[in-house]
Amino acid sequence: MATFKDFRNNVKPNWCPGCGDFSIQAAIQRAAASCGLEPDQLAVISGIGCSGRISGYIHAYGMHSIHGRALPIAQGVKLANRDLTVIASGGDGDGFAIGMGHTIHAIRRNINITYIVMDNQIYGLTKGQTSPRSAEGFVTKSTPEGSIESTLSPLELALSAGATFVAQSFSSDIKQLTALIEAGIKHEGFSIINVFSPCVTFNKVNTYEWFKDHIVNLDSFPEYDSSNRISAMTKLMETDGLVTGLIYQDNSRKSYENQISGFQDTPLAHQELQLTREQFDNL
Ligand code: SF4
Ligand code: MG
């Protein structure tokens, strides 16, 4: 049986020392092993940004795709080969700005994949501009007088869009993060896990210390009912989105693919393509 070390490769990450993304990489590797997966049963599809490099650092199938488009590709991979466990990942700019249309519709669609957002509240790869997750008043090169726009609340949007698994974690809490990724993989439907992942180079406001001072961890509230959507929305609003843990899970809804007739037959990836001469000529 594979251990987390089997999901390592020999590519050295070029993230800045201290970047929160290292822990997310480790948590994915640990969660994959805990789920009993082998590297050839996992596909990690990433977008563009510092976070997008993650697919190259995990020994599994993967694709470092295009900006904001990790989700369409990840959903296609899952529909073509349901035997694969599919993880999509990317940053807050990738998923909540250019890719937001895909994010909302992937949530509604409820295909059985896990989406991990590496949320550093800034654009890191392009050297520090305001993202949809940046706070109002946040000063960057693109908003030298402070951001005027309101901060996006992606998990409130996810709940409104009919999400069946909503979680949030912090890259310093690798134990919780690993458990949530494992739960997301096991959930029969679309799982969104937003992870506070500090950018130590360009975001000098939302630091590790800042998150430690502000996060409300649901693991300390055993009475919290994660099956109640109204409680989930209330908790997000009460904490200004700074709550971590399993926020909401609905096991009553079937995944998209399990409602498609014939999907349980041979996966597309295992079918032989048999075309007549005429079909071939018309391709
Ligand atoms: Fe991480 Fe920020 Fe460095 Fe990018 S720029 S690798 S997000 S610390
Ligand atoms: Mg970002």
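Predicted model: local features only at pLDDT ≥ 70, side-chain atom pairs only at ≥ 80, totals over all residues.
Begin by selecting the strands of the open sheet, which has 8 strands in the order S2-S1-S3-S4-S6-S5-S8-S7. The pairing is mixed. Next, colour strand S2 (61-64) and strand S7 (216-217), the edge strands, each of which pairs on one side only.

To see one bridge, pick Asn217 and its partner in S8, Thr244.

**Helices on the strands.** Select helix H2 (residues 70-80), which lies across strand S1 (42-46), S2, strand S3 (85-91) and strand S4 (114-119). Relative to S3, H2 runs at about 175°. Then move to helix H8 (residues 229-238), lying across strand S5 (165-170) and S8. The angle of H8 to S8 is about 160°.

**The H1 and H6 pair.** Finally, show helix H1 (residues 21-34) with helix H6 (residues 174-186). Their axes come within 8 Å and cross at roughly 50°, which makes H1 oblique to H6. The crossing is right-handed. Which residues of H1 and H6 meet? On the H1 side, display Ser23, Ile24, Ala26, Ala27, Ile28, Arg30, Ala31 and Ser34. On the H6 side, display Ile174, Leu177, Thr178, Ile181, Glu182 and Ile185. Coloured by class, the residues of this contact divide into 9 nonpolar, 3 polar and 2 charged. Arg30 in H1 and Glu182 in H6 are among the residues of the contact.

Terms used. Residues numbered from 1 in each chain as written. Chains lettered and ligands numbered in written order. Pairing = 2+ DSSP bridges. Helix = DSSP H or I, 4+ residues; strand = E, 2+ residues; numbered from the N terminus. Contact = placed C-beta atoms within 7 Å. Axes fitted to C-alpha atoms, helices over the stretch in contact; angles between N-to-C directions. Parallel < 35°, antiparallel > 145°, perpendicular 65-115°, else oblique. Left-handed = near helix turned anticlockwise from the far one by under 90°. Nonpolar A, V, L, I, M, F, W, Y, C, P; charged D, E, K, R; others polar.
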